[in-house]
Amino acid sequence: MAEIPKVKIAVLGGSSTIGAGFPREFEEISIINDELFFETPFGLTAPFTYAKSDGKEFLYVDFHGITKNIRNTEPDSSGERVFYVLWRAGVKKIIGTALCGSTNRLLDPADVVIPDDFVDFTTKRPQMLMVSLQDKGLDVARYSYRLHQPTCPSLSETLVKCCKKAGFPRVFRRGIVGVAEGPRLESPAEIRLRWQNLGIDIVTMNFVPEVFFAREIGACYAAIELVSNYGEGLIDPRWEGSTAFRSFQRKWSKPTIESIIMALKEIDADDESCGCSSYRWQSILL
Ligand SMILES: [Zn+2]
């Protein structure tokens with residue numbers, strides 16, 4: 001099995017980067033090691049790539065670490081496996097990516113939202129990485145943490161700037177993301193009642209547990225949420241499912257990846273002035 005390298009930056013691929021050949025087909029990036037399957041207490045991970053861009057080393061995993069054999073639900077979920085690796089690697093800055101549906105009627109496909117808050121509607125995801133590790137018999141301390149600033153303001157600002165430069169028509173520096181269990185999409189009534197009436201702007205499936213596992217391991221997290229479709233029943237009902245997804249991905253995966261490459265250049269992995277790493281503390285109860 002591969003040994004987990006010491007790396008301070010991670011990029012978690014999603015539906016907006018899958019199939020785009022990132023990072024190995026991009027000349028700005030040199031591959032240090034590829035096809036790395038790491039052993040974790042939850043089982044083997046999906047393949048990671050260990051790469052370098054403009055002097056910055058980073059770990060990349062496709063599609064949130066989900067494979068045909070690794071689900072995003074408990075037990076032994078993709079999130080637990082991926083974040084065990086990021087914790088052991090000493091990762092401090094994490095860029096997330098995802099496609100999402102709109103629930104705010106002002107949003108259109110190809111808009112980018114860099115969320116500053118979230119509502120977790122999932123029901124089968126792990127909630128604390130250290131609890132999962134204790135359940136596996138590891139002697140680790142639990143952390144409590146605050147989520148008053150769930151995403152990193154400075155990493156988010158970097159993503160806003162880079163997404164604008166990469167040519168997305170509109171980039172929003174705030175928005176509330178609702179996280180659905182999935183994998184099915186929502187009905188019009190669910191969009192209307194469960195999401196839109198709560199002030200939620202976009203709906204996705206993979207922001208959780210990344211956002212709070214990052215806090216638990218003391219890392220900053222921010223995500224590029226790319227609107228791929230209107231929420232059902234909101235604007236345009238003539239949405240063609242998989243065909244639309246594929247052509248959308250072909251058009252917008254390139255600027256998504258350009259944004260990530262530009263952001264990698266700008267990130268200072270040792271900068272803790274945002275405060276994110278100070279919002280957790282070792283639990284006195286457990
Ligand atoms: Zn931060």
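This is a short tour of the structure above, stop by stop, with what to select at each one.

Before you click, know that the model is predicted, so local features need pLDDT of at least 70 and side-chain atom pairs count only at pLDDT 80 or more, while totals for chains, interfaces and linings use all residues. Residues are numbered from 1 along each chain as its sequence is written, and side-chain values use heavy atoms, with hydrogens and water left out.

**Stop 1: the zinc ion**

Select the zinc ion along with Cys-152, Cys-220, Cys-274 and Cys-276. Their SG atoms coordinate the metal at 2.2 to 2.3 Å. (Donors are N, O and S atoms within 2.8 Å of the metal, or 3.2 Å for Na, K and Ca; water is not among the atoms, so sites may look incomplete.) The angles between the four donor atoms run from 101 to 113°, which makes the arrangement tetrahedral; that label asks for four donors with all angles between 85 and 135 degrees. For reference, the ideal angle for four tetrahedral donors is 109.5 degrees.

Along the chain, the donors are spaced C-x67-C-x53-C-x1-C. Cys-152 sits in the loop between β10 (143-145) and α3 (153-165), and Cys-274 in the loop between α6 (241-266) and β15 (280-282), so this pair ties together parts that are 122 residues apart in sequence. (Helices are DSSP runs of H or I with at least four residues, strands are runs of E with at least two, and both are numbered from the N terminus.) Buried or exposed: which are Cys-152 and Cys-274? Both are buried. Buried means under 20% relative accessible area, exposed means over 50%, and partly exposed is in between, using a 1.4 Å probe and protein chains only.

**Stop 2: the second largest cavity**

The lining splits into three nonpolar, two polar and four charged residues. (Ala, Val, Leu, Ile, Met, Phe, Trp, Tyr, Cys and Pro count as nonpolar, Asp, Glu, Lys and Arg as charged, and the others, Gly among them, as polar.)

On a 1 Å grid over the protein atoms alone, a cavity is a set of points where a 1.4 Å probe fits but cannot get out; a pocket is an open set with protein on both sides within 12 Å along at least five of seven lines, and lining residues have an atom within 4 Å of a point. Grid points are joined across faces, edges and corners, and a volume is the space filled by probe spheres set on the points.

**Stop 3**

Now select residues 78-89, helix α1. Its twelve residues should span 16 Å at 1.5 Å a residue, and the end C-alpha atoms are 17 Å apart, which agrees. (The expected span is 1.5 Å times one less than the number of residues.) Ten of the twelve residues are buried, so α1 is largely enclosed by the rest of the structure. Step just past the helix and you reach Gly-90, with a positive phi of about 80°.

Which element gives the largest share of the lining of the largest cavity? It is α1, with four residues. That cavity has a volume of about 80 Å³, and its lining includes Ser-78, Gly-79, Val-82 and Phe-83, along with Leu-12, His-64 and Asn-206.

**Stop 3**

**Stop 5**

Most residues other than glycine have a negative phi, and most peptide bonds are trans.

- Phe-22 to Pro-23: a cis peptide bond, omega near 0°, with Pro-23 in the loop between β1 (9-12) and β2 (29-36).
- Glu-74 to Pro-75: also cis, omega about -5°; Pro-75 is in the loop between β6 (56-61) and α1.
- Glu-35: phi near 55°, in strand β2, and partly exposed at 47% relative accessibility.
- Asp-54: phi about 50°, in the loop between β5 (48-53) and β6, and exposed at 53%.

How values were computed
Four donors count as tetrahedral if all angles lie between 85 and 135 degrees; four count as square planar and six as octahedral if opposite donors are over 155 degrees apart and all others between 65 and 115; anything else is irregular.
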